[in-house]
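Hi,

Here is the structure I promised to pass on.

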Amino acid sequence: MRLTEPTTPVLRTRRLVLRAPRMEDAPDIARHLNNFEVSGNLARVPFPYHLSDARAWIRSRQGQTQPGEANFTIEVDGMGYVGHLGFHMQGEEPGVGYWLGRPFWGKGIMSEAVEAAINWLFSASDFATIRSGVFYFNAASLAIQTKLGFTETGRSSLLCLARGAEVEHIDTQLTRERFQHMRQASRS
Ligand SMILES: CC(C)(COP(=O)(O)OP(=O)(O)OC[C@H]1O[C@@H](n2cnc3c(N)ncnc32)[C@H](O)[C@@H]1OP(=O)(O)O)[C@@H](O)C(=O)NCCC(=O)NCCS
């Protein structure tokens with residue numbers, strides 16, 4: 001059985017390697033997602049989270065060949081496995097989601113990872129926009145999205161599996177033009 005996604009590229013940034021998930025990632029995924037501090041911020045991750053959940057999720061990602069469905073394991077030089085980032089189609093547009101294991105928060109890792117992955121997606125596709133969003137209390141994730149140029153498009157109510165409840169969600173969107181503008185502005 002092929003365990004890696006053949007079309008997912010390896011992306012390298014100053015500190016990170018983003019690569020296709022492998023079945024060997026399952027124990028790390030299970031350990032870090034079985035933490036309510038992480039899963040309680042995500043829509044579709046149950047809590048508690050088991051090794052079998054991680055294995056099933058990796059299997060479900062195999063065979064995804066479209067850029068708008070690409071998933072990346074995030075590794076940091078010297079730290080190894082730290083988390084995940086993935087795109088998934090929401091109708092005609094891709095959405096992006098991401099998480100880091102609790103020990104790796106607050107080091108700028110996800111800002112670096114999301115910028116690299118979005119830059120790749122816009123260059124590998126002709127999507128005009130990428131969707132995302134955060135539960136209303138997730139200030140760190142909203143800060144990442146705002147820095148990259150995402151803007152709020154509205155509010156919705158989204159089921160958080162880990163909480164077993166609907167939670168207010170800030171819906172966001174990033175246009176290709178705004179992403180380029182924000183990147184240029186942050187470099188000048
Ligand atoms: C959200 C998450 C991905 C952030 O990753 P991270 O690598 O710690 O984020 P970064 O360090 O790159 O950036 C966080 C930004 O939020 C800011 N921030 C952190 N806590 C904040 C708070 N309480 N209020 C406002 N801003 C805050 C930081 O200052 C930083 O902004 P800056 O670079 O302008 O200083 C991580 O905490 C996580 O995985 N959480 C659980 C899962 C999750 O929430 N996923 C996203 C679902 S939408």
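Of the protein's 188 residues, 47% count as buried, where buried means under 20% relative accessible area, exposed means over 50%, and partly exposed lies in between (1.4 Å probe, protein chains only). Before you read on: this is a predicted model, so local features need pLDDT of at least 70 and side-chain atom pairs count only at pLDDT 80 or more, while totals for chains, interfaces and linings use all residues. Residues are numbered from 1 along each chain as its sequence is written, and side-chain values use heavy atoms, with hydrogens and water left out.

Now the overall build. You'll find six helices and eight strands, which are DSSP runs numbered from the N terminus (helices are H or I, at least four residues; strands are E, at least two). Along the sequence they come in the order β-β-α-α-α-β-β-β-α-β-α-β-β-α. The radius of gyration is 16 Å, close to the 16 Å that the globule rule gives for 188 residues, so the protein is as compact as a globular protein of that length. That radius is taken over C-alpha atoms, and the rule is 2.2 Å times the number of residues to the power 0.38. Taken along the principal axes, the C-alpha atoms fill a box of roughly 45 × 35 × 35 Å.

As for contacts (heavy atoms within 4.5 Å), 63% of those between residues at least 6 apart in sequence join residues at least 24 apart.

Helix H4 holds another residue worth a click, Ala113. Ala113 is buried, with a relative accessible area of 0%. Leaving out residues up to four places away in sequence, Ala113 touches Leu16, Leu18, Ile74 and Leu85. Arg44, by contrast, is 69 residues from Ala113 in sequence and 21 Å away in space, C-alpha to C-alpha.

Cheers
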